[in-house]
Amino acid sequence: MFKKSQELYQQGLVNLVGAVNSPVRAFASVGGNPLFIKKAKGSKIIDVDGNSYIDLVLSYGPMILGHRHKKVQKAITKALKNGYSFGASTKNEIKLAKIVCDAFPGMDKVRFVNSGTEAVLSGIRLARAFTGKDKIIKFSGCYHGHQDALLVAAGSGLATLSLPGSKGVPEGAVKNTLIANYNDLESVKAHFEEHDDIAGVILEPVAGNMGVVTPQNNFLKELKEYLKSKGALLIVDEVMTGFRSKFGGAQELFDVEADITCLGKVIGGGFPVGAYGARNEIMEMVAPLGGMYQAGTLSGNPIAMAGGIATLTELKKQNPYEKFNEIAQIIEVFLLESAKKYGIEITVNRFGSMINPFFTNKKVTNFDEAQTCDTEKFAVFFWEMMKNGVFLPPSQFEAWFLSSALSEKDIEKIAKAIDKSMEAVSKM
Ligand SMILES: *Cc1c(COP(=O)(O)O)cnc(C)c1O
C-alpha cells in the first residue's frame, strides 16, 4: 500500500532530517514512516502510491475550504502574473489587514509575518515591550511554535516523542517562562503572588495541541478579568482557532477580547502567513511607529496575501461554522457508539471543526489528563483508519480538522472507517 512512499522515504533520508521538514510528519508515534503526497483536491488527499484518503489533517488546519478551492486557485494564479515578491507594500496587504481587523474587535492594527511561530514570538516581544516586564506565563500542553522561550511543556510534538522540552534551548531562554495548568486560574494566581514582573499570559483559547481541550466554565473570561486587575496582558494564540471555530475565532465565541492576538494557519489558506495584532496603543510600539523591532523579507508576500484574501472571503461567504458543529457532533456519536460496541473506553472532545477521541476513561481538561491516554491503542486505530481511506494526524495529541469540502458520502466513509478501526483496537 505504501511502496512508493517507502522508496521516497529511503531517498529522503539522505539529505533531509528523517525525510521530513516537520517532526510530526515522521509518523514516529504510530510506528510508521512518512507518507509522501502527490496531490489533493477538495476533501481528498492522494499519496504517491495512488491511495486516496478523506483528509482530516488539512495541513494541520489551514485548508479549511478543502484543497484547491477554485476561487483561491484563481486568485493565486492572477497574483502570480504580477510577480512573486517586491520588498515593498502592495494593496492586498491593506485588504487582508482590513478583513482580519474587522473579524477581531481587539485588533486595530495587524502585522503580517510568515508563520505561527513568528506571530507568537513577535506577540511575546510586544507584550514585553508594552508592559516593560519580562515574565510570561504559558500553560502546560499548549503549543505556541518552536521559539526557545515557549518550548517547554509544549504539547503534541514533544508529547508524541516523549520529550520534556527541547535540547539546545538555553536555561536563560526559558527563565522568564512560567508554567500554569490549563483550566486552573489558581495556578496562574500563584505565579502572580510570587512574581511582580509578569508581562502577560499566553494560551490557546481552545487547546488543540494536546488533543482538543476546551476552556471550562468561565476560564477565559475570569483569566482576562484577573489579568486586567494585575495590569498584565492576555495574549491569545489563535493560530489554530482563528477563522476555524468561528470567523472571529474563539474570542468571538467566548466573548473575550485579547490584548494581543496571534494568527496563522487558516489566515494564509495554505500559504505561509502569520499575523499578530492588538489595539492601536499596543501596536504603536512596533517599528516603524515604535521601538519594538520586528521585520521580514517575505512578510506580506503578494501570493500569500492573495491566497489569504480569497480563502477568508470565501469562508465568510460560506459561513460553515454551524455545519462544522453538526458534522463534528455526528462524528462524536460514531466514535462513542462504535467504542461502546467494542468495549473500548474513550473520551471525545470537540470544538467547532476540531475533534478527537482520547483512548482513556478520564475526562480530559488539561495536559495531565491527556497524558492518561493509551497511545498504543491510538496507533492501531490510526493505521486502520488509513487502510480505510481516512487520513488522520499521526498522533494521539493532535486535533482532527474538518473542511467545508466534506460531503455526506465522505462522512459515511468516515463512520465505516471508525467502526472498522474500533474493531481492530478491540482485537489488540
Ligand atoms: C501551529 C501552531 C503554532 C505554530 O505555527 P507554525 O506556522 O507551525 O509556526 C503556534 N500556535 C498554535 C496554537 C499552533 O497550533
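A crossing of two helices counts as right-handed if the near helix is turned clockwise from the far one by less than a right angle, and as left-handed if it is turned anticlockwise. In this predicted model, the crossing of α14 and α15 is right-handed.

**Helices α14 and α15**

- Helix α14, which spans residues 375–387, packs against helix α15, residues 408–426, at an angle of about 140°, and their axes are 8 Å apart.
- The two helices α14 and α15 are therefore oblique to each other, since angles over 145 degrees would be needed to count as roughly antiparallel.
- On the α14 side the contact is made by K377, V380, F381, E384 and M385, which meet I414, A417, I418, K420, S421, M422, A424 and V425 in α15.

**The seven-stranded sheet**

- Seven strands form an open sheet with mixed pairing, in the order β4-β10-β9-β8-β7-β5-β6.
- At its edges stand β4 (109–113) and β6 (177–180), each of which pairs on one side only.
- Neighbouring strands of the sheet are turned against each other by 20° on average, with direction ignored.

**Around strands β7 and β8**

- Strand β7 (residues 198–203) and strand β8 (residues 233–237) run parallel and are joined by four bridges, and G200 stands opposite L233 in β8.

Definitions and conventions: Residues are numbered from 1 along each chain as its sequence is written. This is a predicted model: local features need pLDDT of at least 70, side-chain atom pairs count only at pLDDT 80 or more; totals for chains, interfaces and linings use all residues. Side-chain values use heavy atoms; hydrogens and water are left out. Axes are lines fitted to C-alpha atoms, for helices over the stretch in contact, and angles run from 0 to 180 degrees between N-to-C directions. Angles under 35 degrees count as roughly parallel, over 145 as roughly antiparallel, 65 to 115 as roughly perpendicular and the rest as oblique. Contact means heavy atoms within 4.5 Å. Two strands pair if DSSP finds at least two bridges between them.
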